[in-house]
Amino acid sequence: MTEAECTLPETPPSAPPAPSAPQETSSGGLNLAEFGGTSCSAQEGRAVPQLDISAAEQQSEEEKHQEDEARRIYESGQAFEYMTNTCLKLHVDDENIIRALILSYAGTFIANNELGINIRISGEAGIGKTHVANTVAKIIPPDYILAARFSDKALLYMCEDLKSGSVIYYDDQALSEQAAEIMKAQTSDINKPFIYHTVANSKHEQLTFPPLCVRWFVLCNSTGDEQTADRELSFFVDNSFAHQQRVKKLKAFLSMNPSVQQDTTEVDTARRIWKYIRRQTIVQIPFADRIESDGSEPLRNLALFESLIRASAVLHAPVREMTADGFVVASEEDFEIAARIMNPILKGVQGSQKRKLTKNQERILTEFLELKESSYYLFKDIRDALNLSEAQLSQAVNGRYDATHHSDGLLKIPGIAARQDKDGIKYLEWDADNYWRWNGSNAYFILRPVSEMSEEPVSEKKGKVIMGLHR
């Protein structure tokens with residue numbers, strides 16, 4: 001082997017920690033171990049050639065080791081954390097998006113989900129939307145992910161070769177009206193094949209779309225139409241200054257250390273874990289009657305939330321209880337995992353699950369309007385406070401519809417109206433009371449069982465678990 005080669009650790013830790021930005025070593029270099037590898041120098045990182053084993057035999061031994069390691073990780077209940085931490089070594093931050101994408105595919109192994117976990121990732125161009133989706137796609141079995149740009153007709157005819165429980169990944173491609181209608185029909189009963197009738201060469205054709213398929217959408221500032229958005233989890237990627245600095249540091253580190261092999265052992269091991277998960281699993285949620293929301297949440301959001309709980313339970317099945325019928329029993333830990341993903345996007349912090357807004361629209365609400373006490377705000381003041389251009393603010397208020405952008409404006413939100421005075425000065429009118437009556441505080445929680453509250457006064461018996469924390 002050459003000096004530049006460096007092997008990854010043979011055995012991943014049983015519960016690998018999430019990576020942080022690379023730290024400088026005492027010699028002034030960057031520590032490769034921060035990203036899951038080992039440090040290399042002219043004297044280190046050499047592997048001794050095994051002359052008595054052929055390359056094929058050595059590869060077979062490596063594959064066997066990965067299989068054994070994948071089985072050990074799954075059977076110890078660490079599959080979800082291992083997959084998450086593997087992806088976090090390839091993509092900086094956006095942990096909730098990574099977890100949601102993993103659970104999206106895990107949901108295809110479940111036989112009793114009402115809705116599949118479709119994912120929409122939106123934001124400005126060039127801030128890492130595609131990269132985070134591509135990162136998770138690496139740990140999905142290649143036969144179960146379709147990542148391409150395709151016409152409506154192509155997708156319909158490709159569906160005959162699509163496997164049940166596949167991911168259909170749209171990168172910067174908005175759904176046409178026909179594709180949106182097909183998605184809505186197919187997701188109405190995800191557990192059954194969707195039959196589509198068409199005519200080709202003057203002859204009737206029946207095309208069968210397989211069940212349990214989910215979709216990932218990566219789009220620039222597009223929320224899609226309301227009905228498709230209702231069937232998705234909506235996320236924003238992190239584009240903060242601190243995030244950009246961490247990305248810059250990682251890129252510099254990789255340029256200085258080209259021998260780092262990130263897409264090898266750990267990615268392959270994570271991908272192999274899926275073969276140990278049983279398809280058509282039925283998951284029981286014994287606390288379903290205690291799940292509540294302190295906002296007026298649509299029933300589809302509750303269905304998506306329960307799908308996240310079941311997906312977590314499937315990935316943790318070896319350490320969950322089983323019923324006599326072989327059903328996996330979800331635990332409150334699965335509720336906490338789902339709440340830590342869902343609640344921030346319900347609140348408009350890491351996505352826009354309830355309001356179905358773009359990131360700039362959410363910023364106007366959460367960073368400006370919700371914090372103020374006045375009843376009207378000049379467009380100029382909003383632009384200056386949030387560093388938005390005139391075009392960005394106009395699109396945020398009025399919406400944008402073209403070939404690649406489908407988003408309603410802020411004016412669809414109760415309590416917000418756009419006005420213009422006699423001098424042509426534009427401003428937003430803000431009815432805080434109307435807005436807060438509609439919006440609520442938006443969080444799922446779980447009521448504590450009455451048996452745990454027998455000593456409490458009646459007025460205090462409605463205890464909560466919010467974001468996984470007992471109140």
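Serine 202 sits out in the open, with a relative accessible area of 74%, so it counts as exposed (over 50% is exposed, under 20% is buried and anything in between is partly exposed, using a 1.4 Å probe and protein chains only). This is a predicted model, in which local features need pLDDT of at least 70 and side-chain atom pairs count only at pLDDT 80 or more, while totals for chains, interfaces and linings use all residues. Residues are numbered from 1 along each chain as its sequence is written, and side-chain values use heavy atoms, with hydrogens and water left out.

Back to serine 202, which is found in the loop between β4 and β5. Helices (H or I, at least four residues) and strands (E, at least two) are DSSP runs, numbered from the N terminus. The phi angle of serine 202 is near 65°, a positive value in a residue other than glycine. Asparagine 201 is also found in the loop between β4 (194-200) and β5 (203-209). Asparagine 201 has a positive phi too, of about 55°, although it is not a glycine. With a relative accessibility of 76%, asparagine 201 counts as exposed.

Next come the aromatic rings. A pair of aromatic rings is described by the distance of the centres and the angle of the planes. Rings of Phe, Tyr and Trp (its six-membered ring) pair if their centres lie within 6.5 Å; planes under 30 degrees apart count as stacked, over 60 as edge-to-face and the rest as tilted. The structure holds twelve aromatic pairs. One of them joins tyrosine 105 to phenylalanine 109, an edge-to-face pair with 5.3 Å from centre to centre and 85° between the planes. Tyrosine 105 has a relative accessible area of 1%, so it is buried, and phenylalanine 109 counts as buried because its relative accessibility is 2%. Tyrosine 105 also pairs with tryptophan 274: the ring centres are 4.6 Å apart and the planes lie at 75°, so this pair is edge-to-face. The pair links distant parts of the chain, since tyrosine 105 is in helix α3 (residues 95-106) and tryptophan 274 is in the loop between α9 and β8 (283-284), 169 residues apart. Both tyrosine 105 and tryptophan 274 are buried. Put together, Tyr105, Phe109, Tyr144 and Trp274 form one aromatic cluster.

Then there is a pair of helices. Helix α2 (residues 79-88) packs with helix α9 (residues 265-273) at an angle of about 145°, and their axes are 10 Å apart. Axes here are lines fitted to C-alpha atoms, for helices over the stretch in contact, and angles run from 0 to 180 degrees between N-to-C directions. On the α2 side, Ala79, Tyr82, Met83 and Thr86 meet Glu266, Val267, Thr269, Ala270 and Ile273 in α9 (contact means heavy atoms within 4.5 Å). The residues of this contact of α2 with α9 divide into six nonpolar, two polar and one charged.

As for the cysteines, the structure holds zero disulfides (a disulfide is a pair of cysteine sulfur atoms within 2.5 Å). Cysteine 87 is buried because its relative accessible area is 0%, and cysteine 213 is buried because its value is 1%.

Asparagine 398 and leucine 411 are 13 residues apart in sequence, and 6.8 Å apart in space from C-alpha to C-alpha. Leaving out residues up to four places away in sequence, asparagine 398 touches Gly409 and Leu411.

Terms used. Ala, Val, Leu, Ile, Met, Phe, Trp, Tyr, Cys and Pro count as nonpolar, Asp, Glu, Lys and Arg as charged, and the others, Gly among them, as polar.
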